[in-house]
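Here is a set of questions about how labels are given to parts of a protein model. Each answer sets a value against a cut-off and then concludes.

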Amino acid sequence: MKTMTFGLLVCAVLSVALWCLLRKKPVGALVGGGIAMILTCLTGCSWREMLMDSGKETALLGFQRYPAVLVILVILFLCGLITMVAGAVSLTRRRN
C-alpha cells in the first residue's frame with residue numbers, strides 16, 4: 001500500500017511540476033522535480049522492502065519477475081530530473 005501511495009504521489013508531483021513549467025514558474029518546476037526524484041527513490045525502497053517481506057528475489061528490484069517496475073521507476077526519476085533541469089535553465093534565463 002505504501003508503494004502505491006508513493007507512486008501516485010510521484011505522478012501528482014510531476015504533474016504539478018510540469019504545470020508550473022508550462023505556466024512559466026521555474027521555481028515550482030525546480031522544487032517539484034526534486035521532490036519527484038526523492039519520492040521515486042522512496043518508492044523503490046518501499047518496493048524492495050515489499051519484495052523482501054514476501055520472500056521474492058530483490059536483485060535489481062525483482063527485474064526478472066517484474067521487469068516493468070524498474071523501467072517505470074527509471075522513467076519517473078528521469079522525468080523528475082528533466083523537469084528540475086528545465087526549471088533551473090528557465091530560472092537562469094529569467095534572471096539574465
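Labels and the values behind them

Q: Where is Leu-61 placed?
A: Leu-61 sits in the loop between H2 and H3. The model is a predicted one.

Q: Why is Leu-61 called buried?
A: Leu-61 has a relative accessibility of 16%. Buried means under 20%, so Leu-61 counts as buried.

Q: What makes Leu-60 buried or exposed?
A: The relative accessible area of Leu-60 is 60%. Exposed means over 50%, so Leu-60 is exposed. Leu-60 also lies in the loop between H2 and H3.

Q: What is said of phi in Leu-60 and in Leu-61?
A: Phi is near 50° in Leu-60, a positive value in a residue other than glycine. For Leu-61, phi is near 55°, again a positive value in a residue other than glycine.

Q: How do you know what pattern the protein follows along the sequence?
A: The secondary structure comes to 3 helices and 0 strands. Read along the sequence, this gives the pattern α-α-α.

Q: How many salt bridges does a search of the whole structure find?
A: The search finds 1 salt bridge. Its partners are the side chains of Lys-2 and Glu-49.

Q: Why is the meeting of Lys-2 and Glu-49 called a salt bridge?
A: The distance is 3.7 Å, N to O. A salt bridge needs a side-chain nitrogen of Lys or Arg within 4 Å of a carboxyl oxygen of Asp or Glu, so the pair of Lys-2 and Glu-49 qualifies. Side chains of opposite charge can pair when their charged atoms come close.

Q: What makes this pair a link between distant parts of the chain?
A: Lys-2 is in helix H1 and Glu-49 is in helix H2, 47 residues apart.

Q: Why are Lys-2 and Glu-49 called partly exposed?
A: Lys-2 has a relative accessible area of 44%, and Glu-49 has one of 40%. Buried means under 20% and exposed over 50%, with partly exposed in between. Both residues are therefore partly exposed.

Q: Why is Thr-3 called buried?
A: Thr-3, in helix H1, has 12% relative accessibility. The cut-off for buried is under 20%, so Thr-3 is buried.

Q: What does Thr-3 touch, not counting residues up to four places away in sequence?
A: Thr-3 touches Thr-43, Ser-46, Trp-47 and Met-50. Contact means heavy atoms within 4.5 Å.

Q: How do you know whether Thr-43 is buried or exposed?
A: The relative accessibility of Thr-43 is 8%. That is under 20%, so Thr-43 counts as buried. Thr-43 is placed in helix H2. Leaving out residues up to four places away in sequence, Thr-43 touches Thr-3, Phe-6, Gly-7, Val-10 and Leu-73.

Q: What makes the patch of Arg-23, Lys-24, Lys-25 and Arg-94 positive?
A: The patch is formed by Arg and Lys residues. Lys and Arg count as positive, so the surface patch is a positive one.

Q: Which residues form the nonpolar patch on the surface?
A: Val-74, Phe-77, Leu-78, Leu-81, Ile-82, Val-85 and Val-89 form this patch, with about 550 Å² of accessible area together. Val-74 is found in helix H3 (residues 67-95).

Terms used: Residues are numbered from 1 along each chain as its sequence is written. This is a predicted model: local features need pLDDT of at least 70, side-chain atom pairs count only at pLDDT 80 or more; totals for chains, interfaces and linings use all residues. Side-chain values use heavy atoms; hydrogens and water are left out. Patches are made of residues with over 30% relative accessible area and no salt bridge: like charges are joined within 9 Å, nonpolar side chains (Val, Leu, Ile, Met, Phe, Trp, Tyr) within 5 Å. Accessible areas come from the Shrake-Rupley method with a 1.4 Å probe; for residues, only the protein chains shown count as cover. The place of a charge is taken as NZ of Lys, CZ of Arg, CG of Asp or CD of Glu. Helices (H or I, at least four residues) and strands (E, at least two) are DSSP runs, numbered from the N terminus. Buried means under 20% relative accessible area, exposed over 50%, partly exposed in between (1.4 Å probe, protein chains only).
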